[in-house]
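Trainee: Could you go through this structure with me, one spot at a time?
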Amino acid sequence: MQFHHHGYVSGDPRVQPAEGYGLDRPAELPDEVDVLIVGSGPAGMIAAAQLAQFPGIRTHIVERRAGRLEMGQADGIQARSVETFQAFGFAERITAEAYRITEMAFWKPDPDKPENIVRGAVPPDDGHGISEFPHLIVNQARVLDYFAEVAARAPARVTPDYGLEFVGLTVADVADGADQDSPPVTVTLRHTAGPHEGTERTVRARYVIGADGAHSAVRQAIGRKAVGDKANHAWGVMDVLAVTDFPDVRTKCAIQSHDGGSILLIPREGGFLARWYVDLGEVPPGGGSVRATPLEDVIARANRIIHPYTLDVKDVPWHSVYEVGHRVTDGFDDVAHDHTGTRTPRVFLTGDACHTHSAKAGQGMNVSMQDGWNIAWKLAHVLTGRAPEALLATYSAERQVIAQNLISFDREWSRLMSTPPEDLPDPTYLEDFYVQTAEFLFGFRTQYQPSMIVSGQAHQELAAGFPVGKRFKSALVERVADGNPTHLGHHARADGRWRVYAFADAAAPGEPSALRDWAEWLRTAPGSPLLRHTPAGTDPDSVLDVKVVYQQDHFGVEIAEVPEVFKPRVGPFELVDYEKVYATDPAHDIFELRGIDRGGAAVVVRPDQYVAAVLPLSATDELREFFAGALLPQDNTTTEENA
């Protein structure tokens, strides 16, 4: 974490100085905003935390509850989500309070006594080394608390406006003569608490993010429909404090009985609490009797499944009965398919508002957060004039495909969990499926297709370990200035900046090289994206954060010989930023680990950590053209220079 570049900081450096809208933020929701977020769940809060980094944007988030969520229903945190928490600055703190999954036990009927269960395989949770980040269990309410802290401490000082529920909205057709300077979305809200309870008011917004859950009123207001059906299978879920002789009560388990159904057991944070997903069987037509299953029956069913072990429940903080449903909304914004490209989307759906599925694969909260981050940085770029409005259409195009893939995976996982073991193709089918699909379960299967912010794969062989469209997979390097080992990707924060990683050719710093030519072009050429897209009066790395990784270890890199573009002067005192120059850790050679060509390469990474392009160091025209499509030219260059 870097600070002191604006002067000495004696307090908590995680509290950023208020700027712009954050200096005089109104105590109550104003009549006009730039972005109105409806719902303070995971998708809404990560969007608020990202937008709060932009002090010129009037961001507000409304929530129908009267205060913070005290107990959430989601608890599984993928490694990809922990990686995201790292970008927002709280991965270490939330990991310290969470339960960490290191393995999963699969229990099955005893072949000799089928009425009993016995332990089968216990595969490691990440046997393939997919991520350096852990797989955690922590209550959704705590995740929201951390994002709320980030938003409140960011320059724009975003905090939720509680006690306001969404009623409806209208979108003005700007193309048909509406006031170009007036926010086009009119939102009606109703007070649900406080002295104005029951009264309505309107707010005008430039954009609206609907993060208001599976029964989303925002989705209904824009005419979108959730497409799909239920699986006609019910599960009872309960968080319990219990005494049991089941030996793996503190290990994640998939338990399949001979004739009583299945259980997915998830130990919770704190050392005592555990969540039990208990198979209640098929739902008959109408389904009322199953959905009304009393808690006592769920506990009895759990005892039947884990026989010969017993479960003595002492306390149940929360429980529910749900029927598995798989639905994806027919579009994630308010532009109908036959009007795509004809107008700018103004309303966006995120999280459960646009995809619902079972809870057993632990995907809901995790995928929702990636929805919120995806749309938030794009809105920030458009509202600050960094990117054209066309960028906003990429949200629905990217995230709807991901949601559909999630539904397909969850449908198969739910089917396998509820299938009697004797009906599976072979005795190890369930655990084999779990291990083989770990990349998806960890949140790393996402790969975005080519667009204005994802290039093609013409040069993929130059950095095979950084697939274009997938998230940037970090690796250990050495920071040259101080010799500290560090993960290259962990230095990137959720600050809305693009990253450009230059992997040097073999020449040492100071010698003629492809890297030196590339760096000089980036620093001085009129067509350089660094010059073209950085606003006047801002730090040279305010839009593009450019870093270098040399093939030598840190003893072989003399910092004085490193090109100046990798040592920008930042802040009011124009201090040198020394944390953009890296060397190869001999014990963890990033060039070998990520298949980077020894002739060098440039890897472009989006603000949400997905690889946007892999290019040769010689391909300066391609780098210029890529950013010309993703970003707008700024006022520090002339029209002639931008040509």
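Predicted model: local features only at pLDDT ≥ 70, side-chain atom pairs only at ≥ 80, totals over all residues.

Trainee: Which two residues does the cis peptide bond join?
Mentor: The cis peptide bond joins His-307 and Pro-308, and its omega is about 20°.

Trainee: And where does Pro-308 sit?
Mentor: Pro-308 is placed in the loop between α7, which covers 295–305, and β16, which covers 311–329.

Trainee: Switching topic, what is phi of His-4?
Mentor: Phi of His-4 is near 75°, which is a positive value in a residue other than glycine, and His-4 itself lies in the segment before β1 (32–38).

Trainee: Why does His-4 count as partly exposed?
Mentor: His-4 counts as partly exposed because its relative accessibility is 34%, and the partly exposed class lies between the cut-offs of under 20% for buried and over 50% for exposed.

Trainee: What about Glu-574, what is its phi?
Mentor: Phi of Glu-574 is near 50°, again a positive value in a residue other than glycine, and you will find Glu-574 in the loop between β23 (569–570) and β24 (575–576).

Trainee: Now the surface: which residues make the nonpolar patch?
Mentor: Met-1, Phe-3 and Val-9 make the nonpolar surface patch, and its area is about 270 Å².

Trainee: Where is Val-9 found, then?
Mentor: Val-9 is found in the segment before β1, and because its relative accessibility is 30%, Val-9 counts as partly exposed.

Notes: Residues numbered from 1 in each chain as written. Heavy atoms only, no water. Helix = DSSP H or I, 4+ residues; strand = E, 2+ residues; numbered from the N terminus. Buried < 20%, exposed > 50% of the residue type's maximum accessible area, 1.4 Å probe, protein only. Patch = residues over 30% accessible without salt bridge, like charges linked within 9 Å, V, L, I, M, F, W, Y side chains within 5 Å. Areas by Shrake-Rupley, 256 points an atom, 1.4 Å probe, with all protein chains shown as cover. Salt bridge = Lys/Arg side-chain N within 4 Å of Asp/Glu carboxyl O.
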